[in-house]
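Dear colleague,

Please find below the structure that I am handing over to you. My notes on what was found in it follow directly after.

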Amino acid sequence: MSSLNLDDFTDLIERPDGGVRRDAEARRERQVVPPGSLGRLDDLGEWLAAAQGSVPVRPVARPRVVLFAGDHGIAALDVSARPAGSAAELVREVLEGGRPVSVLARRLGIAVRVVDMSLDCEPDAFPEDVVRHRVRRGSGRIDVEDALTAQEAEAAFLAGVAVADEEADSGTDLVVLGDVSVGGTTVAGVLVAALCGTDASVVTGRGGEAIDDLAWMRKCAAIRDALRRARPVLGDQLQLLAAVGGADFAAMTGFLLQCAVRKLPVVLDGVVAASCALVAQRIAFRAPDWWLAGQRSGEPGQAKALDRMALEPLLDQGVTVGEGAGALLALPLVQAAAALAAELPEKPQEPGTEAETGAETEAETETETGAETGAETGAETGAGAETAEPAEAESAEAPGTK
């Protein structure tokens, strides 16, 4: 049994501020461009305002790309276009600036952070800030064995929580989340199929580097076999990640949940991030309110997961390379939405509107005052008349009495 109580996240995670969102909507209605004319940018600006708890919305000034890295034993079945255990090469290329995410981040002036959770290489292959959260070397072959022990799964999950805290404490105001893995899309397919109750063929895609038909059939069979091991542990999400996930998957799940606790918005990249988000949703149902889907990758597993979480991708560019590259393309869109929501001026008030309103109000006030005065005077007069009648009667009776 794990000492980690995942139910705590349900209590800790709140939804973005609904009152602030309504204020943002009201502000939007007063701006010079008609509401709805900016399409999804309106919704994005209002979502950001609610997430930040601020109207007008603040600029997205300190975004960060965070990539969790790991190798997966299932890649030994030739389910990927890349050889098993080669994720370390991809990480090195990211750090050296030669991968798509590196180029895009450089162009946008954004830092990229890589977190090694289970790369199949020596720990000293990378700098300390990359490897200090590592749990193990590689993950188990999930069709025949667990990916992690229970202790490793908990350690990886808590490492993800720690990384989220580090980012929030450093002032990061939005995270683009991705992965660097070999065999990761196969693992993601297992998790999505298990949590959505679908067959392997429904979630099996071609991966980051497209595989041929024979490799696709091997991948489909691997997902089918791993599903048999996943279904008995669906009630325990940490056990599920240990059985058919991996250290990088457990860490990303913990990271997503803690980002929601810390009210730190996250843009999800491909099927790996989407599958971890799906696991996190099972732990805390309000957590997806803090996430955006950056782009539609074309992976069937991603589409299934996003549909289950009711997340609509911002872009549809079919970027399958992973590494957060597709989601990073959506970042300028998010920043544009924030700028428009904050900087568009409000509609000027029509000339004379205030004067007319004042005149009308004054006239109404005078009318009401006059009516009230008249009514009061009438009431007083009536009261006086009633008082006088008995006096007159007494005067009339007095002579007769005498």
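Strand β1 (residues 63–71) runs parallel to β2, and 7 bridges join the two. Within this pairing, V65 stands opposite V112 in β2, and R64 stands opposite A111 in β2. Strands, like helices, are DSSP runs numbered from the N terminus (E, at least two residues, for strands; H or I, at least four, for helices), and two strands pair if DSSP finds at least two bridges between them.

Please note that this is a predicted model, in which local features need pLDDT of at least 70 and side-chain atom pairs count only at pLDDT 80 or more, while totals for chains, interfaces and linings use all residues. Residues are numbered from 1 along each chain as its sequence is written, and side-chain values use heavy atoms, with hydrogens and water left out.

The sheet as a whole is open and consists of 5 strands in the order β2-β1-β3-β4-β5, with parallel pairing. Its edge strands, β2 (111–118) and β5 (291–293), each pair on one side only. On average, neighbouring strands of this sheet are turned by 25° against each other, direction ignored.

Among contacts (heavy atoms within 4.5 Å) with a separation of 6 or more, 75% are between residues 24 or more positions apart.

Leaving aside neighbours within four places in sequence, W291 is in contact with W47, L256, V266, L268, A277, A280, Q281, M309 and L311.

Two helices deserve a separate note. The axes of α3 (residues 40–52) and α15 (residues 325–343) come within 8 Å and cross at roughly 80°, which makes α3 roughly perpendicular to α15. Axes are lines fitted to C-alpha atoms, for helices over the stretch in contact, with angles from 0 to 180 degrees between N-to-C directions; angles under 35 degrees count as roughly parallel, over 145 as roughly antiparallel, 65 to 115 as roughly perpendicular and the rest as oblique. From α3, L41, L44, G45 and L48 meet L333, V334, A337, A338, L340 and A341 in α15.

Finally, two loop residues. H133 lies in the loop between α6 (128–131) and α7 (150–169) and is buried, with a relative accessible area of 13%. Not counting residues up to four places away in sequence, H133 touches R113, V115, D116, M117, A159, A162, V163 and E166. T198 is placed in the loop between α8 (184–196) and α9 (200–203) and counts as buried at 10% relative accessibility.

Yours sincerely

Conventions:
Buried < 20%, exposed > 50% of the residue type's maximum accessible area, 1.4 Å probe, protein only.
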